Amino acid sequence: MKQLREGYTTGSCAAAASFASVLWQTSGKCPEWVELEVPAGKLLHLEIQAEEAYTCGVQKDGGDDPDETNGCLVTASVEILPAAGAVQFRAGTGVGTITRKGLKLPVGEPAINPVPRQMIEKAVRSVIGEKGAVVTISVPNGEVIAEKTFNGRLGITGGISILGTTGIVRPMSEEAIRETLYLELSMCRQEYGTACAFVTGYAGESFLKRQYPQGKAIVLCSNYLGYLLDCAEELGFTHVLLAGRTGKLVKPAADIMYLHSHTAGGQREVICTHAALAGASRAQVQQLYQCNTTRDMTELLCTYPFSEQVWHTIAEKVCENCMRRTHGKIQVGLLLLDENDRILAESSQTDSIRKAWLTCGTN
């Protein structure tokens, strides 16, 4: 099996570009490459692209990680101040600005995360000492890239974030996804309180926004339902409203909490089991089991007189398992949707949980 190749972060690119900018100004020549030691303890040899006015760039190489920022150019322009002082940071073209509370930096600050800031300051100070400096980081096509990331959900506008805690990109790691989901959830907790809606995708989110425009606290859990429930318990949430289609949200009825299709199916088994418990005949269960998709099973089930009972008991089991996952600390409700975004079932506690969600953050 081929070993996947590591890469380096936008934070490493920004630090190396900043280092090159001050070297250019102090030596009179732009370096062709620089060495940068990253927090992971590795020494990177990064090629420098000389731009105008002492601006230097480094092209990100994400290795074999399928990252939207792979190949982007990160540039740095450093103004060296005459007196001793702080290293200040500015967002240039394509670097976002923070507009919501709950992230690691205050509202209004450039979206250059703390570790990249530390890396940049260390690199710059190794050349200029205690002098102050103003570091402007840019990503020429950052606004376009940002549209493909979670930045909009996190309240980061105008471009991408400069990220990285180790300086190294580890291929296929889910660490960054989990960190982003946790950040979004913690922001909801800070802004709106202890009630939140989880959606598995666009269908659930658009349904909630259309039906309940006053509901603000909506977090995309994607496939990471179990992880987000753990985070919600840690952050002190008391109510979670789930909304989404059957393809993913029948799985927790079988205690499947990571919802990616590559990891687990289970929809056929869940629906057939609950149909049998509702009184389906052997022939009816066999017909359901022979369906190729959850959509086909839904359409067939609707022709049976016990259809509503099946969806209701599935919804109740989903909520029961989710509440057990959070050790009974969070009340969970479910809006289970079909492919046309009609409600197939609501769990018994959904009404009270929906009210808690709709009133959160209004006091």
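Okay, let's start at Thr 9, which sits in the loop between strand E1 (7–8) and helix H1 (10–27); helices here are DSSP runs of H or I with at least four residues, strands are E runs of at least two, and both are numbered from the N terminus. This is a predicted model, where local features need pLDDT of at least 70 and side-chain atom pairs count only at pLDDT 80 or more, while totals for chains, interfaces and linings use all residues. Residues are numbered from 1 along each chain as its sequence is written, and side-chain values use heavy atoms, with hydrogens and water left out.

So, is Thr 9 buried or exposed? Buried, with a relative accessible area of 8%; the cut-offs are under 20% for buried, over 50% for exposed and partly exposed in between, with a 1.4 Å probe and protein chains only. Skipping residues up to four places away in sequence, Thr 9 touches Lys 60, Leu 163, Gly 164, Gly 167, Ile 168 and Val 169, contact being heavy atoms within 4.5 Å.

Now the cores. The largest nonpolar core has 67 residues, and Leu 185, Phe 198, Leu 208 and Trp 357 have the most contacts inside it. By nonpolar core I mean buried Ala, Val, Leu, Ile, Met, Phe, Trp, Tyr and Cys residues joined through side-chain atoms within 4.5 Å. Helix H11 (residues 307–325) gives the most to this core, with 8 residues. Beyond its neighbours within four places in sequence, Trp 357 is in contact with residues including Leu 208, Tyr 212, Ile 218 and Leu 241. There's also a second, separate core of 42 residues, with Cys 13, Phe 19, Leu 46 and Val 95 among them.
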